[in-house]
Amino acid sequence: DKQTNAPWKAPNGAVWIDIFAPETLAYYQKIINLACKMDPEEIQLDYIRFPTEGNVTNQISRYSKGRRPYQAVDHLLKNLLIIVDRHNIGFSADIFGIVLWDNKLTNERLGQNVLTFMRYVDEICPMVYPSHFHNGFDGIPLPGDATYLFIKKSAQHFHNVTRRYPQYFV
């Protein structure tokens, strides 16, 4: 947080780590290496993104060197893939459901886009919670009250985004 010169905190008090920081990569590599020793079928990542709540204009990274948030996520995934591939373990990740709409500004803030994840993970799990979307989102008056319609539209958006990159399908 450039205002407090302390780690970024969300309004709920949760502290965020800097995905650009070399220590963050080393931390994740250590965790993934330890997890791989347990011989799982799959490693699934969650919250590999940047914060979007609170005064995000105060959010800085001392290690970004002008790189965009998605580049930090890309770098992290690429390096973790090396580990899981070495152990022949499946690799998946949760992404925010809103990423499926492929809105450049939203995806830029989050540091998430479907293509980045398609490059590195075997499986993408969009977290589509209709109740988390504002009233009127995508023309649906109350997304939380139209669960089937909203999930269907989400799946259609996911299909539309992913079919633009057929090279990532096996």
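Predicted model: local features only at pLDDT ≥ 70, side-chain atom pairs only at ≥ 80, totals over all residues.

**First stop: the cysteines**

A disulfide is a covalent bond that joins the sulfur atoms of two cysteines. The cut-off used here is 2.5 Å between the sulfur atoms, and by this rule the structure has zero disulfides. C125 counts as buried, at 19% relative accessibility. Now select C36, which is also buried, with a relative accessible area of 5%.

**Second stop: helix 1**

Colour T24, L25, Y28, I32 and C36, the buried residues in helix 1. Turn the view until you look down the axis: these buried residues fall within an arc of 100°, so they line one face of the helix. What do the buried residues of helix 1 pack against? Their partners are strand 1 and helix 2. On the face turned away from the buried side, select P22 and K30, which are exposed.

The structure holds four salt bridges, and the tour visits several of them.

- Select R68 and E108. Their closest N and O atoms are 3.0 Å apart in a salt bridge. R68 lies in the loop between strand 1 (42–45) and helix 2 (69–86), whereas E108 lies in helix 3 (residues 104–110), so the pair ties together parts that are 40 residues apart in sequence. R68 is partly exposed, at 43% relative accessibility.
- Select D74 and R119. This salt bridge has its closest N and O atoms 3.5 Å apart. D74 belongs to helix 2 and R119 to helix 4 (residues 114–120), so parts that are 45 residues apart in sequence are tied together by the pair. D74 is buried, with a relative accessible area of 13%, while R119 is partly exposed, with 36%.
- Select D102 and R164. Their side chains meet in a salt bridge of 2.5 Å, N to O. D102 is in the loop between strand 2 (90–96) and helix 3, and R164 is in the segment after helix 5, so the pair ties together parts that are 62 residues apart in sequence. Both partners are partly exposed: D102 at 33% relative accessibility, and R164 at 47%.

**Last stop: P143**

Select P143, in the loop between strand 3 (123–127) and helix 5 (147–162). Is P143 buried or exposed? P143 is buried, with a relative accessible area of 1%. Display its surroundings: leaving aside residues up to four places away in sequence, P143 touches P130, F133, H134, N135, G136, F137 and F150. Finally, draw a distance from P143 to H132, C-alpha to C-alpha: the two are 8.2 Å apart in space and 11 residues apart in sequence.

How values were computed: Residues numbered from 1 in each chain as written. Heavy atoms only, no water. Helix = DSSP H or I, 4+ residues; strand = E, 2+ residues; numbered from the N terminus. Buried < 20%, exposed > 50% of the residue type's maximum accessible area, 1.4 Å probe, protein only. Contact = heavy atoms within 4.5 Å. Arc of directions from axis to C-beta.
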